[in-house]
Amino acid sequence: MTRTLADLLGIEAPILLGPFGGLSSIALTAAVSDHGGLGGYGLYGYAAERIAQTAAELRAETRRPFALNLWLPTGDEVLPGDPPLEPFLDALAPLFAAAGVAVPAPPAAFLPSVDDQWQAVMDAAPAAVSVVFGVPTPHQVEQARSRGIRLIGTATTVAEAVALEESGVDAIVASGSEAGGHRVSFLARAEESLVGTMSLVPQVVDAVRVPVVAAGGIADRRGVAAAIALGASGVQVGSAFLRTRQSAATEAHRRALAASSDTGTVLTRAMSGRLARGIPNRALREIETSGMIAPFPAQNWLTGVFRAAASVRGDGDLLSLWAGQSAAIGDRDDAAEVFAELAAGLP
C-alpha cells in the first residue's frame, strides 16, 4: 500500500507535510518535496492572486510534486456584522493594547470567495489538492480529474472517511485527535469526533478502499512504523516540521514547541472560533476566562489582528501556538533531518 500512495502522488516516500494554514512556507514545502515526499502548503485566507503567486514561487523552488490545501465551507461561517463584533472587540481590547495595535474596524469580508480560491488552485494545477472541513462537490471532483490533479480528503471519523471516498477523493488523511492545529471535523461537532490516531487509522483502513494517510502524534520513525503497521499507506506530519528553521513559525513558537510535553497542549476555540490543539499562553487563557469567543471566522479575524503584530514582535504570549501531543519528540531543527528520521520508519 505504501508504494500505491507513492505512485498515486508521484513521490518517492509516502511522507506528507501537514499544510499549515497561516504557517506554511515556500522553503519548507519545497524541502519536503525535494526530499521525495509531498510538500503541502495551506492557503487559508489567500485570495486568488496570492494563490497564483504562491504556486509560481513553489515551482521556482522545486520541480517535484506538491499539494495545495483549501478549507471547504461548512455552512456555519458568519459574516461581518452577524453577530455584532462590538462585545468581542471590547473583550479583546487588553490583548490589542498588549500587541500595540488599535481596536480594528470590522472588514468588508472575513475570507475570500471559496469558489475563487478553488478556481485559482485548479488554474495552478498542483500535483494534489488537499481539503479540510468537508467533502468536495461533484463539480470540483470532475475539475480536478480533468486536470490530472489528485484529491486528498481529511477525516476525523470513519463516517467522514466513507463520505470522502464516496465523493471520489483519491486518498484520505485520517487525522487523530493528537494532531496539532484545527480539528477538521464536518459531520459532527469536533468535540464529538475526538478519535485517537491508533483507533482511527485501522478503522478507516477497514472502511475504505483508497489509500489512508495517518496523521496525529507522528514525529519520528517509531510513529511512522506504527502507522504503517496499523494499515496506513503513508503519514502526514506537522509539528516536527513546524519546529524546523525552514517553517514560517516564529522563534517564540519554536521555543514553545521545544518546551512542550505530553500534557502541554489543550483543545480550544479561543483563537479562531473552531476547536484546535495548541500550547496555552496568555491570549488563550484570557479569552477562555472571558467566555467571549465569536463564531468562526469572526474570532479568527479578531485574534489575527493582534497575532500579526505579536508575530513581528516575537511575543509568544499573543500567538496561536498550534502543536500536537508529540511535539516534544520532534527535536530536529532542519527539514532534511526530520524527513530522514521519518523515512527510517518506512518498511
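Predicted model: local features only at pLDDT ≥ 70, side-chain atom pairs only at ≥ 80, totals over all residues.
Trainee: What makes the radius of gyration of the chain agree with that of a compact globule?

Mentor: For 347 residues, a compact globule would have a radius of gyration near 20 Å, and the chain has 19 Å, so the two agree. Along the principal axes, the C-alpha atoms fill a box of roughly 55 × 45 × 40 Å. The chain contains 14 helices and eleven strands.

Trainee: How many of the residues count as buried, and what is the accessible surface of the chain?

Mentor: Of the 347 residues, 57% count as buried. The accessible surface comes to about 13600 Å², and carbon and sulfur atoms account for 52% of that area. As for contacts between residues at least 6 apart in sequence, 68% join residues at least 24 apart.

Trainee: How far apart are the mean positions of the positive and negative charges?

Mentor: The mean position of the 25 positive charges and that of the 35 negative charges are 4 Å apart.

Trainee: Why is the pair of Tyr 44 and Trp 71 called tilted?

Mentor: Two rings pair if their centres lie within 6.5 Å, and the pair is stacked under 30 degrees and edge-to-face over 60. The ring centres of Tyr 44 and Trp 71 are 4.5 Å apart and their planes stand at 50 degrees, so the pair is tilted. Tyr 44 sits in the loop between β2 and α3, whereas Trp 71 belongs to strand β3; the two are 27 residues apart, and their pair links distant parts of the chain. The count for the chain comes to seven aromatic pairs.

Trainee: How do you know that Tyr 44 and Trp 71 are buried or exposed?

Mentor: The cut-off for a buried residue is under 20% relative accessible area. Tyr 44 has 18% relative accessibility and therefore counts as buried. Trp 71, at 15%, also counts as buried.

Trainee: What makes the pair of Trp 71 and Phe 133 a tie between parts of the chain?

Mentor: Their rings form a tilted pair, with 5.0 Å from centre to centre and 45 degrees between the planes. Trp 71 lies in strand β3 and Phe 133 in the loop between β4 and α6, so the pair ties together parts that are 62 residues apart in sequence. One aromatic cluster is formed by Tyr 44, Trp 71, Phe 133 and Phe 296.

Trainee: Why is Ala 125 called partly exposed?

Mentor: Partly exposed residues fall between the limits of under 20% for buried and over 50% for exposed. Ala 125 has 32% relative accessibility and therefore counts as partly exposed. Ala 125 lies in the loop between α5 and β4, and its phi is near 50 degrees, again a positive value in a residue other than glycine.

Trainee: Which peptide bonds are cis, and what are their omega values?

Mentor: The bond from Asp 82 to Pro 83 is cis, with omega near 5 degrees; Pro 83 is placed in the loop between β3 and α4. A cis bond also joins Phe 296 and Pro 297, where omega is about 0 degrees. Pro 297 is in the loop between α12 and α13. Most peptide bonds are trans.

Trainee: What makes Gly 37 count as buried, and which residues does Gly 37 touch?

Mentor: Gly 37 has 0% relative accessibility, so it counts as buried. This glycine is found in the loop between α2 and β2. Leaving aside residues up to four places away in sequence, Gly 37 touches Ile 11, Ala 13, Ile 15, Val 32, Pro 65 and Phe 339.

Trainee: How do you know whether Thr 303 is buried or exposed?

Mentor: The relative accessible area of Thr 303 is 0%, and therefore Thr 303 is buried. Thr 303 lies in helix α13. Not counting residues up to four places away in sequence, Thr 303 touches Ala 270, Met 271 and Ile 287.

Conventions:
Residues numbered from 1 in each chain as written. Heavy atoms only, no water. Helix = DSSP H or I, 4+ residues; strand = E, 2+ residues; numbered from the N terminus. Rg over C-alpha atoms; globule rule 2.2 N^0.38 Å. Buried < 20%, exposed > 50% of the residue type's maximum accessible area, 1.4 Å probe, protein only. Contact = heavy atoms within 4.5 Å. Areas by Shrake-Rupley, 256 points an atom, 1.4 Å probe, with all protein chains shown as cover. Lys, Arg positive; Asp, Glu negative; His and termini not counted. Charge placed at Lys NZ, Arg CZ, Asp CG, Glu CD. Phe/Tyr/Trp six-rings, centres within 6.5 Å; stacked < 30°, edge-to-face > 60°.
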